[in-house]
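Please read them with the sequence and the 3D view open.

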Amino acid sequence: AENDGNSLIRVPFLCLHPTPPQDNSSSPPPSKLIPVSEFEKAYGPFQALHIRGFVPSSKSGAERFQASDVQSLFESLNCEDKVSWCVENEANHSQDDGNKKSQTTSPSDFLDVSNTNQRGYCSFLVQHSKMEMNKLLSTHLPMVHLPVASESESAKEDETMKVRYGQALWLFFGKNYLNDETSSDKIPKTLQGRPEHTDSVTHDGTWHYQLSGTKIWRLRPTTELMQRINEYKQQQNQEQPLSGTKRKIDDADGECNDEEAKINLNYDETGENYIEVECKQGDILFLNTRLWWHSTLIPAQDAPCISYARDVYFAKSAAAVAIAAETQGSCNFLEKGEEDDGQQQSSMTNIDGTYAAEDIEAETILFTEHTMPECELHRSKTNANCQVVEMEDEEAGESYMAVVSLREIKAGEFFSILESDEEEEGGSDEEEEEWEEDTYCSFVE
């Protein structure tokens, strides 16, 4: 994205080059970990980092998680996790896409990788199904920790940086197979996911591991992030543009080629400029989704596009301190080989919402019962930013309901109303009953 008309902000890129095997083994050795100083230098100022060339360590007796395992994983989840199922591209496809009618399909059918006649992009969470979560983190997933070395001088060679993870594992599944049907001029070859948005989160970032296929991210910095980067530039007395030069972790000499390091600056349909990052199989994108406007695209391809993600709290960050206070000081930080049951964290949700397009002052009327958009507002027991109040229309002599901001709301922050204990208790049974009766979603076929 442009800065003051001249400077460019780009996502830093780290290319990991594992040492070539000494024998004739076809499997490359695991990637060495990124030094914590190198990681902080890349991620800290920009709150984004693209990592390529990561090679996971082999786990003895482990069955590596594959694309074909997603269907059985979803079927094994409990109802609390199944209701997190969300269609990411629902707002972007019409009811008649290339003469192919939108058809109701169950999540299980859509997750069948052998079914190549459907297009769509969906997500779900794994957080309440503890047994499945433990299997995934202990043996199945190729990556469960950021490949960043511990900063401790006494740490072992394969010991990772201590962080705290969010309770949920996010899984994203897209199908946009490249075949005769999807190559029709009436059907776009690229499948767009959820429209550009920021996330209402408090953690320090989320890493996304691309398990299968290719995903394209479109990123645009928020005003808050631009201010932070400008302050960083002033501190560093940098006269040159922030180019996000590729950084290489490699024992061998030589540079990564220009094609690998290239990150394009583009313009979308509204004239807004954005950064485009292509994540291929095995890539990692670590991103603060509160500070970056983001959207995703699924190119037409021969394999399903699958990624999974975990939220991260750094040990010394304000977010981690807040979590420690919320859990009464029991905030422990984890290394490779350790897992957190996350019992004391709040559950994550996977729903759309309405967010502020610009900064909003406290005590501002956001909308009334007559202007309320057709959507459900988020509910929060601990971090609500607006409330429902009764207003008086003196001229008409009538009262009406309105949603008013409780505090200053930053651009990109989702509107969230305070949730009462009664609301939470009443909604749980309803959701479970609704799931048992009917669990179907709409996809483009």
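1. Two strands pair if DSSP finds at least two bridges between them; strands (E, at least two residues) and helices (H or I, at least four) are DSSP runs numbered from the N terminus. This is a predicted model, in which local features need pLDDT of at least 70 and side-chain atom pairs count only at pLDDT 80 or more, while totals for chains, interfaces and linings use all residues. Residues are numbered from 1 along each chain as its sequence is written, and side-chain values use heavy atoms, with hydrogens and water left out.

2. Strand β16 (residues 284-287) has two antiparallel partners to look at. Strand β11 (residues 205-212) is joined to β16 by 4 bridges, and W207 stands opposite F286. Strand β4 (residues 48-52) is likewise joined to β16 by 4 bridges, also antiparallel, with L49 opposite F286.

3. Strand β16 is covered on both faces: I284 and F286 are buried on one side, L285 and L287 on the other. Buried means under 20% relative accessible area, exposed over 50%, and partly exposed in between (1.4 Å probe, protein chains only). In a regular strand the side chains alternate between the two faces of the sheet.

4. The chain as a whole has 9 helices and 24 strands. Of its 445 residues, 47% are buried. Among contacts (heavy atoms within 4.5 Å) with a separation of 6 or more, 82% are between residues 24 or more positions apart.

5. There are 15 aromatic pairs in the structure. Rings of Phe, Tyr and Trp (its six-membered ring) pair if their centres lie within 6.5 Å; planes under 30 degrees apart count as stacked, over 60 as edge-to-face, and the rest as tilted. F39 and Y43 are a stacked pair, 5.7 Å centre to centre with 10° between the planes. The two residues are about one helical turn apart because they are 4 residues apart in helix α1 (residues 36-46). Both F39 and Y43 are buried.

6. F54 and Y209 form an edge-to-face pair, at 6.3 Å centre to centre and 85° between the planes. This pair links distant parts of the chain, 155 residues apart: F54 is in the loop between β4 and α2 (70-76), and Y209 is in strand β11. F54 and Y209 are both buried.

7. Two charges sit over rings (NZ of Lys or CZ of Arg within 6 Å of the ring centre and within 35 degrees of the ring normal). R310 lies over the face of Y165, 3.8 Å from the ring centre. The charged end of K175 sits over the ring of F110, at 5.1 Å from its centre.
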